[in-house]
Amino acid sequence: MPPTEPMLCVSIHDVAPATWTECLLLERALRQVADIPLTWLVVPRFHESMDESIPMEEHLDAALARGDELALHGYTHLDPEPPAGLASRFWRGVYTQREGEFSAVPEAEARRRIALGLDWFAARGWRPGGFVPPAWLLGEGAWAALRGFDFAYTTTFRRFHLLRDGALGPSLWSPSLVYTARNRAGRLFSPRAADAGALLLARAPLVRLSLHPRDARYPALLRHAQRLLERLLATRAAVTKVDCARRLTTRNRASQDPSRSTPEEDRSSNSAGCRPSH
């Protein structure tokens, strides 16, 4: 993936009626720092709930109008397949607490769940530009299912993947900065890990900051997220994930266009009497 101007994508995960109060607290904390575009990761039937929320949907309509993005974040956010083996039981049962919905589903089931999510979005007049799997886990069936949909991107924990015409395109290394709020050790050490990750990614084209509803229950985590956001915005432009995908796609196409060259290449070509090789 070619370099581009430094970008920052800030997302609010697990957006649903059951988590809406906490999602609003996260948004408020972020906007106290800066009025930046956000990516809201919406789950149509969070934990299989059929609840609806008119205030949530109206707020998300307004968020779209102001330049935010709504991404499809699974369908139920629950892993329906039984884990097999010790490693699977740990990653899918303990680490993700059985929320990695697309970690092990067959291709047909993954396609069905994505289609149901898109139908739910369409009923509200929303068209998601990207798909972010719950817990950032995509099994082979889910990867195959994505080929049938018109998403601009998907993300795993470590990488931002471009999608084009249903095919997997280039990807960018960008481990997400995230908090672990479910236990005391996580609340203590994950802010330090986020700081370390931000330093590691200081020269990277993209940094992702991901907040979850549970984070809103702990003022110390919110304050840390605000300070981290302020530092990141000093050197990066905040964009939605779909805007990030557009910029990276444009830059990638330009880099592959043989009719385009940099000023340095032009000077080299003129002085050598021939076009530089690539």
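**A histidine, a helix and some rings**

Tutor: This is a predicted model. Let's start with His212, which sits in the loop between strand E9 (206-211) and helix H7 (219-233).

Student: Is His212 buried or exposed?
Tutor: A residue counts as buried when its relative accessible area is under 20%. For His212 that area is 18%. The residue is therefore buried.

Student: Which side chain does the side chain of His212 make a polar contact with?
Tutor: Leaving aside residues up to four places away in sequence, His212 touches His13, Asp14, Leu26, Trp136 and Val178. With one of these, at 3.4 Å, its side chain makes a polar contact. That partner is the side chain of His13.

Student: Moving on to helix H2, how far does H2 reach from its first C-alpha to its last?
Tutor: Helix H2 covers residues 54-65, twelve in number. At 1.5 Å a residue, 16 Å is expected. The reach in the model is close to that, at 17 Å.

Student: In H2, Met56, Glu57, Leu60 and Ala63 are buried; what arc do they cover around the axis?
Tutor: An α-helix has 3.6 residues a turn, so residues three or four places apart point the same way. Met56, Glu57, Leu60 and Ala63 are the buried ones here. They lie on the same side of H2 because their arc around the axis is only 115 degrees.

Student: What is exposed on the other side of H2?
Tutor: The buried residues of H2 have cover that includes strand E1 (7-15), helix H1 (20-33) and helix H4 (107-123). On the other side, the exposed residues are Ile54, Pro55, Glu58 and Ala65.

Student: At the start of H2, which backbone nitrogen does a side-chain oxygen of Ser53 reach?
Tutor: The oxygen of the Ser53 side chain comes to within 3.1 Å of this nitrogen. The nitrogen belongs to the backbone of Met56.

Student: Now the rings: how many aromatic pairs are there, and what is the angle between the planes of Phe102 and Phe131?
Tutor: The count comes to nine aromatic pairs. Phe102 and Phe131 form one that is edge-to-face, 5.1 Å centre to centre. It links distant parts of the chain, 29 residues apart. The angle between the planes is 85 degrees.

Student: Which residues do ring pairs link into a cluster?
Tutor: Phe102 and Phe131 are both buried. Ring pairs join these two with two further residues. The cluster is Phe102, Phe131, Phe149 and Phe151.

Note on methods
Residues are numbered from 1 along each chain as its sequence is written. This is a predicted model: local features need pLDDT of at least 70, side-chain atom pairs count only at pLDDT 80 or more; totals for chains, interfaces and linings use all residues. Side-chain values use heavy atoms; hydrogens and water are left out. Helices (H or I, at least four residues) and strands (E, at least two) are DSSP runs, numbered from the N terminus. Buried means under 20% relative accessible area, exposed over 50%, partly exposed in between (1.4 Å probe, protein chains only). A polar contact is a pair of N or O atoms within 3.5 Å; within protein, one must be able to donate a hydrogen and the other to accept it, and residues adjacent in sequence count only if both atoms are side-chain atoms. Contact means heavy atoms within 4.5 Å. The expected span of a helix is 1.5 Å times one less than its number of residues. The arc is that of the directions from the helix axis to the C-beta atoms. Rings of Phe, Tyr and Trp (its six-membered ring) pair if their centres lie within 6.5 Å; planes under 30 degrees apart count as stacked, over 60 as edge-to-face and the rest as tilted.
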